[in-house]
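This briefing covers cores, helix packing and a few loop residues. Read it with the sequence and the model side by side.

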Amino acid sequence: MTSDSINNQKYLFPKYSGNNESLFILLNRTSEIICKWFSDADKLGPIPIDSKFECSVPGEYGKSVDVLFSEIESLIYSSFNPVHPGSLAHLDPPPLIISILGDLIAAGLNNNLLAHELSPSISILEETICKWFSIKLGFSNLAGGVAASGGTLSNLNALVAARNSAGLETDPKAVYVISEEAHSSFEKCNRIMGLGKNNLIKVKTDKDGCMDMIELKKTIDKCSNDGKKIFAIVATLGTTVRGAIDPIDKISRICNERNIWLHIDGSIGGIFSITNLSINRINNVDLANSITINPQKILGITKTSSILIVSNIEILKNTFSTGLPYVSTENDLLNRGELGIQGSRPAEIIKLWLGLRFLGMRGIENVLNSSIERRILFENNLDTAKYDIYSGPLHIISFIPKGMNKNESDLWTLNKRINLMKNHFMISRPLFKNRYYLRAVFGNYNTSESHVNDLLKLLN
Ligand SMILES: Cc1ncc(COP(=O)(O)O)c(C=O)c1O
C-alpha cells in the first residue's frame, strides 16, 4: 500500500457515527470549486476554446484526494458552462441551485427507486409528484406516472405501453406515427422495439411546423389499405428546431374514432401545460393517453429529469411488471421499478420536487414566461429582410439568410458559429429540411435584454 492509499482510508465511506469530518471537508472543497467555476464563466465564455483536459485512468493504487482535486478542476474547467448568458445552443439551461442540492441529497441517500423497501420515502415522493402533475394536466384519479432518465426513455416507456395495450407486441404490422419534425430519438425507440424503418411513419408538417391533419388522415388511410396496424400517434408539444406544437385536440379526435393511443412528446413544451400561461395549443393534454415532460430542458432541474404521465397507471403495471422475486413486498406496496424499462433508478425525483417546491407556480411561470419573452425580443428585432425565420409559440427560434442552398448554408452557419463563439455566444446549427440553420434556445435565465441585443448586433 502507498501512503496515499493509507491516507485514503479515512475518505472511503461515510462514517456511521461521529461528525463525518472527512466527508464535510471534501464537500466544502467541491462546493468552492464549483462556485468559482460558475463565477469564472463571465471571463471564460460558454465553452472552453482550447481544452487541455487529459483523461487519466485508474492505476494499481489509489490517488490522493489532492491529486484528484487537481484532476476535478481540470475536468470542470474543460466543461460546457450552462450559466454563461451566451449559452443559448441547446435545451440545457443553467441548473436551478436547489436542484443541485437535490442531486447531492440523492447521491448521499443512495436509495433505489426500484423497490419500496429500498426507498420508502422517495417512492412515495415520486408517486405523489407524478399524481400532482397528472392533476395539474387535467387527468383523472386513475392517472399516474414514473420518472425516467431523459425524454427518450419516457417516450420509449409510453410507446411500449401503447403497443402492449393494443395487443400488438409481436405483430410485424404494428406501426406508429410521428410528424416529420418530431425528435430523432424516435428512430432509436423504433430500433429498440424491434421495429423496422417502415414501422415508423412520418407525417408532413404545415408551414408552421405542426402535423398536417389532411396528411395525417391520408397516412391513416394508406396504413389501413396496406394492412398496417397503428398502435400510437405521437403529437409533439414543442418541436426541437422551432418549438412548434401539433394540434392535440384534432389528433385526439382522430385517435378516439379509431381507438388509437395518443402520446404527447412534451419533452420541451409539456411543462408549460401545468401553468396558466396563455399559449396557443398547450391545453387539452388530458385528451392523450400519455405525455412526456422533461423539466431538465427548461426549468433547470439538473439532468436527468423526465417523467411520463399516463391516463391510467394500471397500463404501465400491466406492461412492465414481472414481479421482483428477491424483494419483499409487504401490504401490496408498489415497487416503482415495475412501472417502466429501468430497474434500479436514482432518486431523481428529489431535485424535481425541491425545484417545484422552491419555485411554486408563480416561480415556474416566471422562468417559463421569461424564456418566451427573450425569444420574442430576439425575433422582433432580427432582420426579416435578411433572414428566413422559423419559430413557434415557445422559446426556440431557427433562422438562415434568405435564398441559401444546402452548401451555402453549411459554410455560412459554420463561419457564423465560430464568429459568435469568439464573442461568447454559443448557438446551435441544426440540419433541417436539407439546409443548415442557426438556432437559439432562450431558456437561459441569466440572458438579459442587453445580451439579446448584443447577439442581434452580431447577426443583423
Ligand atoms: C422534442 C424532444 N423529444 C425528445 C427528446 C429526447 O430527450 P432526451 O435528450 O432527454 O432523451 C428531445 C431532446 O432534445 C426533444 O427535443
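A residue counts as buried if 20 or more other C-beta atoms lie within 10 Å of its own, exposed if 12 or fewer, and partly exposed in between, with C-beta atoms placed from the backbone. The model is predicted: local features need pLDDT of at least 70, side-chain atom pairs count only at pLDDT 80 or more, and totals for chains, interfaces and linings use all residues. Residues are numbered from 1 along each chain as its sequence is written. Helices (H or I, at least four residues) and strands (E, at least two) are DSSP runs, numbered from the N terminus.

**Loop residues**

- Asn-110 lies in the loop between α4 and α5 (120-137). Its phi is near 50 degrees, a positive value in a residue other than glycine. Asn-110 is exposed because 11 other C-beta atoms lie within 10 Å.
- Asn-259 sits in the loop between α9 (248-258) and β5 (261-266). Here phi is near 55 degrees, again positive in a residue other than glycine. With 8 other C-beta atoms within 10 Å, Asn-259 is exposed.
- Pro-172 belongs to the loop between α6 and β2 (174-179). Pro-172 has 13 other C-beta atoms within 10 Å and is therefore partly exposed. From Pro-172 to Asn-199 is 27 residues in sequence and 8.2 Å in space, C-alpha to C-alpha.
- Lys-303 and Thr-304 are joined by a cis peptide bond, with omega about -5 degrees. Thr-304 is in the loop between β6 (290-293) and β7 (306-310).

**Nonpolar cores**

- A nonpolar core is a set of buried Ala, Val, Leu, Ile, Met, Phe, Trp, Tyr and Cys residues joined through C-beta atoms within 7 Å.
- The largest core has 76 residues, and those touching the most other members are Tyr-176, Ala-232, Ile-233, Ala-235, Leu-262 and Ile-309. Helix α11 (residues 349-381) gives the largest share of this core, eight residues.
- Another core, of 24 residues, lies apart from the largest one and includes Ala-89, Ile-268, Leu-394 and Ile-427.
- Two residues are in contact if their C-beta atoms, placed from the backbone, lie within 7 Å. Beyond its neighbours within four places in sequence, Ile-309 is in contact with residues including Cys-130, Phe-133, Leu-137, Ser-290 and Ile-293.

**Helix packing**

- Axes are lines fitted to C-alpha atoms, for helices over the stretch in contact, and angles run from 0 to 180 degrees between N-to-C directions. Angles under 35 degrees count as roughly parallel, over 145 as roughly antiparallel, 65 to 115 as roughly perpendicular and the rest as oblique.
- Helix α4 (residues 97-109) packs against α11 at an angle of about 150 degrees, with the axes 8 Å apart. This angle is why α4 is roughly antiparallel to α11. Among the residues making the contact are Ile-98, Leu-101 and Ile-105 of α4 and Ile-350, Leu-354 and Phe-358 of α11.
- Helix α6 (residues 151-165) and helix α7 (residues 185-192) pack at about 50 degrees, with their axes 10 Å apart. The two helices, α6 and α7, are therefore oblique to each other. In α6, Thr-152, Asn-155, Leu-156 and Leu-159 meet Ser-185, Phe-186, Lys-188, Cys-189 and Ile-192 of α7.
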